[in-house]
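Hi,

Here is the structure I promised to pass on.

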Amino acid sequence: MRIAIVEDHPAERELIATMCAEYFNGRNVGATAGRNAMQTVCDVFPDAKSFIESWKNSRYDLLLLDCYLSDENLPHATTGLDIARLLRNQNDDCAIVFITSSTDFAVLGYEVQASGYLLKPVNRKTFEATMERVEEQLKAKPPVTHLAKAQSPGTVDSSWHVAFGNPAVTMDRRLIAYALSNAHYVEFTFADGTQTKIRTNFSDVDQRLTVFDNFYRTARGVLVNFDYVSGITNAQFVMKGGKRIPITKTAVTTTCRAYAEYTFTRMRTED
């Protein structure tokens, strides 16, 4: 079981991490020890940015999320609700438990199907009761398997899938090379050259994919996956396979810089 704790106060973060370890790894004393024994991996994050970077490559079964994250460098820091909305928009159905200092936040949690709330200061009795409810919810979920093959190519793993349109068309975002807006449709071109045209709003596609570093909007109604760019020429991205994707003339410098920074970061990571 994978758990993420996003809490900006170090003492609260450490306390909740300790409670998770004791509860899920069976170090509780008394009769509940055997029942709660469960191998877990618990990652802790002090802010939204560090969590989202990890979440891009890892999925979690349970998220313990501070409602009111703060950042002294950002006057309008991302809130816990913002993170929850992001996950739900990406079809991530992990259990979310909000950590809050005010019961006023509870109403907003219905929007993102929160599994529960922990009121600060968190006490052990309330924590364990909440975790018992979460365990029952997780047990009731069907096992994670590969999704049914959709209109897009390739086998889709649930940790990478995105779905657009109504009825929804599910696809593996790693295989999307680029997407082009066409009236009320968005045409997706995949790594193998095949295409899928879906009736959906381009702004929704843009918002949900550009949260990942490899997707970038190069012009109005044009979205590119940097992983499938082979070069840049005459204010255009040259995609693997030869397709040329336009770059807005007024944004050539910033777009090329974004591509260079992404490529450099990827090369450094691979090294």
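Buried here means under 20% relative accessible area, with exposed over 50% and partly exposed in between (1.4 Å probe, protein chains only). Strands (E, at least two residues) and helices (H or I, at least four) are DSSP runs, numbered from the N terminus. Both faces of E4 are covered: Ala95, Val97 and Ile99 are buried on one side, and Ile96, Phe98 and Thr100 on the other.

Before you go further: this is a predicted model, where local features need pLDDT of at least 70 and side-chain atom pairs count only at pLDDT 80 or more, while totals for chains, interfaces and linings use all residues. Residues are numbered from 1 along each chain as its sequence is written, and side-chain values use heavy atoms, with hydrogens and water left out.

E4 has parallel pairings with E3, through 5 bridges, and with strand E5 (residues 116–119), through 4 bridges. Two strands count as paired if DSSP finds at least two bridges between them. Leucine 63 has isoleucine 96 in E4 as its bridge partner, and phenylalanine 98 stands opposite tyrosine 117 in E5.

**Aspartate 66**

Aspartate 66 sits in strand E3 (residues 62–66). UniProt, in an unreviewed entry, lists Asp66 for "modified residue: 4-aspartylphosphate"; its positions are in the numbering used here, feature names are shortened, and annotations may be inferred rather than shown by experiment. Is this residue buried or exposed? Aspartate 66 is buried, with a relative accessible area of 2%. Leaving aside residues up to four places away in sequence, aspartate 66 touches Val6, Glu7, Asp8, His9, Gly80, Ile99 and Lys120 (a contact means heavy atoms within 4.5 Å).

**Another sheet, and the whole chain**

Further along, 3 strands form an open antiparallel sheet in the order E13-E14-E15. Strands E13 (229–233) and E15 (244–246) stand at the edges with a single partner strand each, so one side of each is left without a neighbour in the sheet. E14 (residues 236–239) and E15 are joined by 3 bridges, and valine 238 stands opposite arginine 244 in E15.

Overall, the protein chain has 8 helices and 15 strands, and buried residues make up 43% of its 271 residues. Of the contacts between residues at least 6 apart in sequence, 50% join residues at least 24 apart.

Cheers
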